[in-house]
Amino acid sequence: MFRGSLPALVTPFKNGAVDMDTLKKLVDWHVEEGSHGLVPVGTTGESPTLSHREHEEVIEAVVAFAAGRLPVIAGAGSNNTTEGVRLIRYAAKVGADAALVVTPYYNKPTQRGLYEHFKAMHDSCELPIIIYNIPGRSVIDMTPATMGELAKLPRIIGVKDATGKIERVSMQRATCGADFVQLSGEDATALGFNAHGGVGAISVTANVAPRLCAEFQEATLAGDYAKALTYQDRLMPLHEAIFIEPGLAGAKFAMSELGLCSDEVRLPLTGLEDSTKEKIRGAMRHAGLMN
């Protein structure tokens, strides 16, 4: 159910507020463009600057707008276990298909603390959980051994791996089993990630080029890595350009160039430098997204 290209959906804003009309249009567009699922209110969805109520409203809206056409993996992470439990229960209540739960940032828990945090989330409701391991943002790195212990719990079903270490896929296959759902959290390395046994990506670039990202993923999952490499060559400059500055700002700017949404972000993030904008435009032209 959770495989292929899963956009880490941006949260569109209009005059400082969540733009629900545009959010619905984005969900419909992803269905039309062939995305394989949606991941609202993750980092790319600007969860750090959404209020708790906005967070809930976006999850509920995306589930309603998707209307069963695509699976929805709701961001439900927190460095406060009690808050995380509240978020995952809400996601379950409004009909999300799974939850994306980040390793607790800032607190710097031990591996035992990580296990207990995720077990508490697991035990709080019936929603499947995908671990989000991103040590570059959370500082803590969940080891393959700890992940293997968590994988023994029935509703810990997979990982979004943003360590940038492709060998982790093979290591986690050994500790978690071949059926554990491994999704890349880094667009640029998704080709190698799937070659090691991954089954998809929770992608920032898929906000901008959903059809290309979906077709790229479908090629890898069919074992056609020669075809996938042609997509990689088209997309690689875009992967790089979007992340010159924070990726969600890059994605929103590129989307604004396509007339999909505004490039508005919330502080402490800011709009892009002109030099970054030009590099993104060049990468979009290279990918065939604009003239």
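This is a predicted model: local features need pLDDT of at least 70, side-chain atom pairs count only at pLDDT 80 or more; totals for chains, interfaces and linings use all residues.

Residues are numbered from 1 along each chain as its sequence is written, and side-chain values use heavy atoms, with hydrogens and water left out.

Now, what do I mean by a cavity? On a 1 Å grid over the protein atoms alone, it's a set of points where a 1.4 Å probe fits but cannot get out; a pocket is an open set with protein on both sides within 12 Å along at least five of seven lines, and lining residues have an atom within 4 Å of a point. Grid points are joined across faces, edges and corners, and a volume is the space filled by probe spheres set on the points.

With that, searching the whole structure gives 3 cavities of 30 Å³ or more. The largest cavity comes out at about 70 Å³. Its lining is Ser5, Asp187, Ala190, Ala201, Ser203, Cys213, Phe216, Gln217, Gln232, Leu235 and His239. Strand 9 (200–203), helix 9 (210–221) and helix 10 (225–242) are the elements giving two or more residues to that lining. Helices (H or I, at least four residues) and strands (E, at least two) are DSSP runs, by the way, numbered from the N terminus.

On to the open space. The largest pocket has a volume of about 980 Å³. It is lined by 44 residues, and the closest to its centre are Gly42, Thr43, Thr44, Tyr132 and Arg137. By class, that lining splits into 20 nonpolar, 17 polar and 7 charged residues. Which elements supply at least two residues each? Helix 2 (52–66), helix 3 (81–93), strand 5 (98–102), helix 5 (135–138), strand 9 and helix 11 (247–257) do. Strand 5 gives the largest share, 3 residues.

Is Thr103 buried or exposed? It's at 0% relative accessibility, so it counts as buried; the cut-offs are under 20% relative accessible area for buried, over 50% for exposed and partly exposed in between, with a 1.4 Å probe and protein chains only. Setting aside neighbours within four places in sequence, Thr103 has contacts (heavy atoms within 4.5 Å) with Leu114, Phe118, Tyr132, Asn133, Ile134, Ser138, Ile140 and Met142.

Pro246 sits in the loop between helix 10 and helix 11, and counts as partly exposed because its relative accessibility is 41%. Pro246 is 202 residues from Thr44 in sequence, yet their C-alphas are 9.1 Å apart.

Leu289 belongs to the segment after helix 12 (274–287). At 24% relative accessibility, Leu289 counts as partly exposed. Not counting residues up to four places away in sequence, Leu289 touches Val208, Ala209, Leu212, Leu238, Leu258 and Met284.

Some backbone geometry for those of you who like checking torsions. Leu267 and Pro268 are joined by a cis peptide bond, with omega about 15°, and Pro268 is in the loop between helix 11 and helix 12. Then there are positive phi values outside glycine. Ala67 has phi near 50° and is found in the loop between helix 2 and strand 4 (73–75). Ala67 is exposed, at 58% relative accessible area. Val139 has a phi of about 75°, in the loop between helix 5 and helix 6 (144–150), and is exposed too, at 53%.

Conventions
Ala, Val, Leu, Ile, Met, Phe, Trp, Tyr, Cys and Pro count as nonpolar, Asp, Glu, Lys and Arg as charged, and the others, Gly among them, as polar.
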